[in-house]
Amino acid sequence: MSDTRLVDILLVEDNLDDLDMTLRALRKANLTNHVQIARDGVEALEYLFCEGPHTARIVANCPKLVLLDLKLPKVDGLEVLKRIKGDPRTKSLPVVVLTSSKEQRDVVESYQLGVNSYIVKPVNFEAFAKAVGDLGLYWLLLNQPLGFRLDPA
Amino acid sequence: MRPDQQLKSSLKEIDDLKAALDEHAIVAITDPQGKIGYVNDKFCAISRYAREELLGQDHRIINSGHHPKEFIRDLWTTIARGKVWRGEIKNRAKDGTFYWVDTTIVPFLHDDGKPRQYVAIRADITERKLAEESLRLSTKEVLDLKAALDEHSIVVITDPQGKITFVNDKFCAISQYTRDELLGQDHRIINSGHHSKAFIRDLWTTISHGKVWHGEIKNKAKDGSFYWVDTTIVPFLDEQGKPRQYVAIRTDITERKQAEVELSRLAVLVKSSDDAIVGKTLAGIVATWNPGAEKIFGYAAAEAVGRPALMLYPPEGEMEEARILAQIARGESVQHFETVRVRKDGKRIDVSVTLSPITAGDGQIIGAVMIARDITERKRAEQVIHQLNTTLEYRVVERTAQLEAANRELEAFSYSVSHDLRAPLRAVNGLAGIVLEDFGAQLPEEGRRYLQRIRDSGDRMGELIDDLLEFARLSRLPLNRRTVDMAQLVQNVLGDLRPSHEGRPIEFRIDALPACNGDAALLKQVWVNLLSNALKYSRGRTPAAIEIGFRDEAGEPIYFVRDNGTGFDMKYAHKLFGVFQRLHRAEDFEGTGVGLAIVRRIVQRHGGRVWAVAEENRGATFYFTPAGKTTS
């Protein structure tokens, strides 16, 4: 794994179909240069906090955006979100929940945990592709990030 | 005639007169002192004395002692003064019997006017006197009897035609008429109308034949009240044996009659009562036993009467009976206490018992009447109810838990559907879309069309899932009731829906819509769904006409949405509100068939109802009542 390279997007997605379609949508929007993929919550956390296979990485070099599915094996998306927003090192990292669920409790809890955006994946292919492309454009190109990395205390 | 001849003739005449006198009268002569100087034969005969026994004797020998002193003094004063005395005297004969004589005493005087002797001439009037006495006595007796009768009875006398000729005070008192009002009136004035014609006919036939009639009659007093009299009518007959008058003697038996009626009423009550009514003596012996008692305790009256009431008690009840009898003896009653008794067949029954002392006319307690009601059924029912209540509470807890579990499961199910069911659909739609996009040019036209249909199906399934989840969500959501401004709500909804019918010619008619009590968010969904439907199904009309109205039917607020659209056949109306039920083809009108199901679910959760009236191609009207009072 290219542990040390800088990535723009951490895509946390367990469903292969969704993964393919998301990547395709990002590619169509020319946003796939630096995408790191995690297939479950544990992988996502190990990458972000430089554990397991990612110990060579440094936390400060975090991605510009996390696209987070909620229903994940092992550790679910909300837990991942909680860890990101609960850690001063990753707290300002923009996290967009990209999920199938319209359930009110998921939406409410996500926002309470500090999610930056909550997107429901449309069933319709065109709508899905547009949604992914738009959010990528917004967070990576239009949004002005904090501008500096918070170092661990 | 010569003087001597004349004298002789005179003497002879005197002798003749004397003889005639002696023949006719009782004659005695006394001296002024009353000593008897002469008596004739009739005197001797009536006084039963011999002449020798009388002559020279004081006249008082025949005194009866009957007359008062004043009477005797008057006699002597009269004759001593030389005047004739006349009167009736009772004398006593030698044998002690009395006789009455009509007496004239003539004093014979000296030249100086002093009585020389007294000549008493008497006629025997004993018989007359006795007759008089007996008449006087019998008259008095009759009067006494009459007084006694008047005192005791109601008496009326009528003539043969029934006209009243006499009434006594008691008759006036009971009939409340004065004597003047009654005399001369027909006796029918007091008829009550109670008796049959046959009864009256029998009475008249009897008395007009000279026979005594006896019976009980109900009469009517002047004030309209009724009274009963025990009546004896005695016809008084004339010489020809025809009734001359009728004497009716009566006794007031109104109280007795009333008591009889009361008694028979009570008897019926006792007899027809389902309760056991049992009379018992102070010793606890059964004296009376009604059919209710037979039914409840199983003993026939003949079996129970004369036996101790203790037979009805369970073995442990001996003290209870003793206590009850003691209470009764003190004159206390025992009200409605619930206890246990034993039937003849040994079965124990629950009874509610009331006991009251029975007093004789003089106030002495002579026994008790026990009224017992079989409450076994009631007791059993009470127990069942108690049990039911207990199980019900248990069941409610159980069901609530089940319901909560079901709700949780449903929620988990919805959650899972929300997450997992859509992902494969997205893959179906998305991957088909990718094939079309990336390899479409290499596919024949037909292949592309089929791929497009796969994508459409995926889209449609997505909508179905979304609607179903919405339906489930609205069913679970707690109802947040408050006053909802329906007019404002409708305006908001119409505003939201405007983009969907931009450019279409639509005539809206909106009534005044009063506020109602309900959940604003849910009621908004009702309006959204009903108005969306109205807009959708009136799509083919130019112009479309949509009416939003309200009416109050017997206090029930009814809101409605009417359109002039495609309508539907009323024979499918029952399917209208079911989930996924559609009355139109998807090619004609898009939709998932969940909208009206959601409407019905929301209205039902408010406690109201929803229904539709339509005609094919003539439009439809949907009515709903969000239960709860309208608020102004």
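Mentor: Axes here are lines fitted to C-alpha atoms, for helices over the stretch in contact, and angles run from 0 to 180 degrees between N-to-C directions. Helices (H or I, at least four residues) and strands (E, at least two) are DSSP runs, numbered from the N terminus. The model is predicted, so local features need pLDDT of at least 70 and side-chain atom pairs 80 or more, while totals for chains, interfaces and linings use all residues. Residues are numbered from 1 along each chain as its sequence is written, with chains lettered from A and ligands numbered from 1 in the order in which they are written.

Trainee: Are α13(B) and α14(B) roughly parallel or roughly antiparallel to each other?

Mentor: Helix α13 (residues 376–439) and helix α14 (residues 445–476) of chain B pack with their axes 9 Å apart, at an angle of about 165°. Angles under 35 degrees count as roughly parallel, over 145 as roughly antiparallel, 65 to 115 as roughly perpendicular and the rest as oblique. The two helices, α13(B) and α14(B), are therefore roughly antiparallel.

Trainee: Which element gives the most to the side of chain B that touches chain A?

Mentor: Counting residues as in contact if their C-beta atoms, placed from the backbone, lie within 7 Å, 18 residues of chain B meet 16 residues of chain A. The elements giving two or more residues to that side of chain B are α13 and α14 of chain B. The most, 13 residues, come from α13(B).

Trainee: Which strands stand at the edges of the open sheet in chain B?

Mentor: Five strands of chain B form this sheet in the order β17-β19-β20-β22-β21, with mixed pairing, where two strands pair if DSSP finds at least two bridges between them. Each edge strand has a single partner, so one side of it is left without a neighbour in the sheet; these strands are β17 (506–510) and β21 (609–615) of chain B.

Note on methods:
Two residues are in contact if their C-beta atoms, placed from the backbone, lie within 7 Å.
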